[in-house]
Amino acid sequence: MATPAQLGLMDAASPVMEEMIYFHDHVMLVLILITCLIFYSMLVLISSKYIYRFLTDGHVIETVWTVIPAIILVVVALPSLKLLYLTDELDNPQLTIKSVGHQWYWSYEYTDYYDIEFDSYMLPLGDLSKGDARLLEVDNRVVLPVDTSVRVLVTAADVIHSWTVPSLGLKMDAVPGRLNQLALQCSRVGTFYGQCSEICGANHSFMPIVIEAVPVEVFEGWCDMMLDEESLGSLNMKR
Amino acid sequence: MSYKCMTLLRPFGILPVGLSHVAHVRSFEFIRFFLAISIQNCRFLNTLSQKGRTMAHQLMRAVPRLVARRAFSTSLARAGGGAGGMPAWQVNPRNVYEDRPDFPMPNVPYVSELSDAQKALKAKEAGDWKSLSDEELKELYRLKFHKTLAEAEAPTGEWKTVVGGTSLIIALTFVLYIIQKKYAMPAMPETCNYEWQEAMMKKQLQMRNNPVEGLASKWDYENNKWK
């Protein structure tokens, strides 16, 4: 999650997010160069004492400042398109999970091998333990194995929501009646937070997403726990 | 096309030339050609009738003449000022005195209606300038110009008003905000107090939050202190 007063992007937890950070750095460099050029031009013009009142056109410079931005746009667009198609690539996913948006919580289904389903509600202020993040913690997290290619099918049950996890570079609209596919791969163990990103009603700001990336053995243990009827009953979850 | 048609089209400044002819002429020469025709047509209109001394007719005759003269030469346009008894600013709206530091050459003199003494001074100016005293030279300058270049370029101090007004409004905004915070806004949640923030940071360090360049990368886990 972000630290207080953080301005930049969070550290990447997936290969796609790493590429997005590189692309962001590339475009930011181009923007800073252009901005510096503009500020320099403005400074020089303002501090100059010469005035030419009858300037109407300058065909050569107009051509130059059309062609050069076109080249700059190509320099930005080529990596952008490459990244765009990279985000859509799905490399033989080993696990498929479904994420369904409701007003105002998420429900998840792991139906590949077993039938695991649970709802994920935001923890209200009164239920937080000391040090928990307000508006971000949930009662049941999405537990996934690390370094595993996962397919996430995102949909909604009522209105449009959006399933987002910025650390993993993920954002996909959850549209009722439609299945959208996301490719997810966590590169490191950790907890990654996100929030609903499509206005969906009064509690739109209060339906977060939490992904817990764990080693495969821990994930298997979690699955066993979820399948165990007794522990499910104590956790008040359905199977 | 017959000569009669050509005569009818003359008042509009259009000669029935073919497009190919126009295309071969450079744009500037075409404009001069068009204006020359306009001037000829204005003279042609004048000869049409001696009637039409109403304002509308005078204007109709004056405008093409003035546009043509203005397009050719500034001095000719200025000489046209006051035509038909109209003041200079009515004839050409640009004939208004203005002190412009970036273009210190006004179109008209500052004082246009001279008193008898001023007229006498102007007549003296027509003679040898060495006979003019310093005071007379300054008087002549002030007849032509309102301010000297130095006076026109002198700072007005307007920036102080702007900065002062803006600062006052920002200060009032701060006062309003403090009043709102004290009396109207609800209390902050307990997650914003220092102990909770400290506990949150400890949890984030335990979770290895942002270990590459962010928070956890600044913590020395072996020695349990910041790097």
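Visitor: Which residues of chain B does the UniProt annotation "transmembrane region" cover?
Guide: The unreviewed UniProt entry puts that annotation at residues 159-179 of chain B. Keep in mind that this is a predicted model.

Visitor: What is the helix and strand content over residues 159-179 of chain B, and how far apart are the end C-alpha atoms?
Guide: The span is 100% helix and 0% strand. Its end C-alpha atoms are 30 Å apart.

Visitor: And chain A, where does UniProt place the feature "transmembrane region" there?
Guide: The record gives residues 27-48 and residues 63-82 of chain A.

Visitor: What do those two spans look like in the model, in helix content and end-to-end distance?
Guide: Residues 27-48 of chain A are 95% helix and 0% strand, with end C-alpha atoms 32 Å apart. Residues 63-82 of chain A are 100% helix and 0% strand, and there the end C-alpha atoms lie 29 Å apart.

Visitor: Which residues of chain A make a nonpolar surface patch?
Guide: Ile34(A), Ile38(A), Phe39(A), Met42(A) and Ile46(A) make one of about 510 Å².

Visitor: Where does Met42(A) lie?
Guide: Met42(A) is in helix H1 of chain A, which runs over residues 15-47.

Visitor: Why does Met42(A) count as partly exposed?
Guide: Because its relative accessibility is 42%, and partly exposed covers values between under 20% for buried and over 50% for exposed.

Visitor: Switching to cysteines. How many disulfides does a search of the whole structure find?
Guide: Zero, over all chains. Taking one cysteine, Cys223(A) is in no disulfide, and the nearest cysteine sulfur, that of Cys186(A), is 14 Å away. A disulfide here needs the two sulfur atoms within 2.5 Å.

Visitor: Is Cys223(A) buried or exposed?
Guide: Cys223(A) counts as buried, because its relative accessibility is 9%.

Visitor: What about Cys36(A), what is its relative accessible area?
Guide: Cys36(A) has 48%, so it is partly exposed.

Visitor: OK, salt bridges. How many are there over all chains?
Guide: The count comes to seven.

Visitor: Which residues are linked in a network of salt bridges?
Guide: Glu137(A), Arg141(A) and Glu212(A) are linked that way. Within that group, the side chains of Glu137(A) and Arg141(A) meet with an N to O distance of 3.1 Å.

Visitor: Glu137(A), buried or exposed?
Guide: Glu137(A) is buried, at a relative accessible area of 6%.

Visitor: Now chain B. What does Arg142(B) form a salt bridge with?
Guide: The partner is Glu151(B), and the closest N and O atoms are 3.0 Å apart. Arg142(B) is partly exposed at 35% relative accessible area, and Glu151(B) also counts as partly exposed, at 37% relative accessibility.

Visitor: What is the N to O distance between Asp102(B) and Arg100(B)?
Guide: It is 2.7 Å, and the two side chains meet in a salt bridge. Asp102(B) has a relative accessible area of 28%, so it is partly exposed. Arg100(B) is partly exposed too, with 30%.

Visitor: Last topic, domains. Which ones does the assignment of chain B give?
Guide: It gives domain 1 (3-88), domain 2 (97-153), domain 3 (155-185) and domain 4 (189-227).

Visitor: What distance separates the centres of domain 2 and domain 3 of chain B?
Guide: Taken over C-alpha atoms, the two centres are separated by 46 Å.

Note on methods
Residues numbered from 1 in each chain as written. Chains lettered and ligands numbered in written order. Predicted model: local features only at pLDDT ≥ 70, side-chain atom pairs only at ≥ 80, totals over all residues. Heavy atoms only, no water. UniProt positions renumbered as here; feature names shortened; annotations may be inferred. Helix = DSSP H or I, 4+ residues; strand = E, 2+ residues; numbered from the N terminus. Domains from an automatic or database assignment. Patch = residues over 30% accessible without salt bridge, like charges linked within 9 Å, V, L, I, M, F, W, Y side chains within 5 Å. Areas by Shrake-Rupley, 256 points an atom, 1.4 Å probe, with all protein chains shown as cover. Salt bridge = Lys/Arg side-chain N within 4 Å of Asp/Glu carboxyl O. Buried < 20%, exposed > 50% of the residue type's maximum accessible area, 1.4 Å probe, protein only.
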